[in-house]
Each structure stands twice: as C-alpha cells, then as structure tokens.
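Biologist: Hey, I've just opened this one and I'm new to it. Can you walk me through it?

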Amino acid sequence: MTGLAAAALGVGLMLGVFPVLVASAGAGADPTAATCTSIETVTAPATTSVATVDGLSGEQLAHAATIIRVGRNRGVPDQGIVVALATALQESRLRVYANDGLGGDLDPEQHRIGASLQLPHEAVGTDHGSLGIFQQQWPQWGSMRDLMDPAASADTFYQTLTQVPGWEALPVTVAAQ
C-alpha cells in the first residue's frame, strides 16, 4: 500500500496535517488483510510542498482530499475512507477518466459513453463503460456527469460500500471490490 500511504501523506500535507494510517493485521497474519484502525493527524508546517508525493500531482492529491472530505461528511469510519482511497488509486491513480467508447466491450446502453470526452477529464480509457476516479460503470452507477465528478462519485462509492454487510471487517482489497 505504498501508493495509499503516499496519497494519504500528500493529502495531509496539502491540508496542513500529516495523516498517519494505523493498521493492524496480527502476528503472522497476511499483510494484505490488514485493517485500518484509525487515521490520525499531526500538524505540519504551512510551507510544506506537495508538488510530488510518490509521483502524484497536486490534482491527484486534491482528488484524494475530496474522497476524504466526502467520507468525513458522510460519517464513514476511517476504514471506509482507506477502502475508497485504495480503490481510487488502483482504478485510476486518482485521475478523472473519460471513456472514448472504442474498447469494443460496451453494453448496448453504453454506446453514447464517448460523450464523456466533452466533460472535464484528465485521462481517457476504454474499459467496459467505466468513468471517473473509481472507474464506475455508466449508466449503472449513475449519470455520466456524476461519475466524472470526484465528490459525487465518492459519495456513490461510500453509499454502496456501507450497504455491504460486514464491510468493516473485510480486507481492504475485498471491500474495494
């Protein structure tokens, strides 16, 4: 989870705090099954720069900050925020993806997905009608505009995650799916 830790650090620097992810897996346990027990913060100097954190741009760090803010506003536990950050890092490296529709793997209701190129985006993909930072399927996960808006797509992600029975006890990788 180096990318996740780097993103959390970068977001914290941008917000003027250092987030510290406190994870636990138990002795001899599979480290990929670790769960986040808390996200703690320590004040950072105001002059700290976040131009690069493990290769993440300021825009990517801003998207991570949005994911954290939306989670906090919804009252999502820290574990859910970690799951959301890990998902966005894995799916898009925290970039808003449009979809050119040229992948040849679209369902009939997805053939207009190329219109996503007209909305603000930072990258273009072709994967199964996926859009945005979470690579959510359009139109099943929501409107094209909402899926390409980091705050709206994070809200949809949290709404869905928190409906999964026992999600808090699942390994991050399982909960993300």
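This is a predicted model: local features need pLDDT of at least 70, side-chain atom pairs count only at pLDDT 80 or more; totals for chains, interfaces and linings use all residues.

Biologist: Okay, helices to begin with. At what angle do α3 and α5 pack?

Modeller: Helix α3, residues 78-92, and helix α5, residues 150-161, pack at about 125°, and their axes are 11 Å apart. That angle makes α3 oblique to α5.

Biologist: And is the crossing left-handed or right-handed?

Modeller: α3 passes α5 in a right-handed crossing.

Biologist: Which residues make that contact?

Modeller: On α3 you have G80, I81, V83, A84 and T87, and on α5 you have F157, Y158 and L161. By class, the contact of α3 with α5 has 6 nonpolar and 2 polar residues, with no charged ones.

Biologist: Now α2. How far apart are the axes of α2 and α5?

Modeller: The axes of helix α2, residues 58-74, and α5 are 9 Å apart, and the two helices pack at an angle of about 50°. α2 and α5 are therefore oblique to each other. As for handedness, α2 passes α5 in a right-handed crossing.

Biologist: Who's touching whom there?

Modeller: From α2, the contact uses H63, T66, I67, I68, R69, V70, G71 and R74. From α5, it uses P150, A151, A154, D155, Y158 and Q159.

Biologist: How many of those in the contact of α2 with α5 are charged?

Modeller: There are 3 charged residues in the contact of α2 with α5, along with 7 nonpolar and 4 polar.

Biologist: Switching topic: how many aromatic pairs are in the whole structure?

Modeller: A search of the whole structure turns up 2 aromatic pairs. Take F134 and F157: their ring centres are 4.7 Å apart and their planes sit at 15°, so the pair is stacked.

Biologist: Where are F134 and F157 in the chain?

Modeller: F134 is in the loop between β5 (130-131) and β6 (136-137), while F157 is in helix α5. They are 23 residues apart, so this pair links distant parts of the chain.

Biologist: Are F134 and F157 buried or exposed?

Modeller: Both F134 and F157 are buried.

Biologist: And why is the pair of F157 and Y158 edge-to-face?

Modeller: It comes down to the planes: those of F157 and Y158 are at 75°, and over 60 degrees counts as edge-to-face. Their ring centres are 6.2 Å apart. Y158 is buried, like F157.

Biologist: So which residues form the aromatic cluster?

Modeller: F134, F157 and Y158 form one aromatic cluster.

Terms used: Residues are numbered from 1 along each chain as its sequence is written. Side-chain values use heavy atoms; hydrogens and water are left out. Axes are lines fitted to C-alpha atoms, for helices over the stretch in contact, and angles run from 0 to 180 degrees between N-to-C directions. Helices (H or I, at least four residues) and strands (E, at least two) are DSSP runs, numbered from the N terminus. Angles under 35 degrees count as roughly parallel, over 145 as roughly antiparallel, 65 to 115 as roughly perpendicular and the rest as oblique. A crossing is left-handed if the near helix is turned anticlockwise from the far one by less than a right angle, and right-handed if clockwise. Contact means heavy atoms within 4.5 Å. Ala, Val, Leu, Ile, Met, Phe, Trp, Tyr, Cys and Pro count as nonpolar, Asp, Glu, Lys and Arg as charged, and the others, Gly among them, as polar. Rings of Phe, Tyr and Trp (its six-membered ring) pair if their centres lie within 6.5 Å; planes under 30 degrees apart count as stacked, over 60 as edge-to-face and the rest as tilted. Buried means under 20% relative accessible area, exposed over 50%, partly exposed in between (1.4 Å probe, protein chains only).
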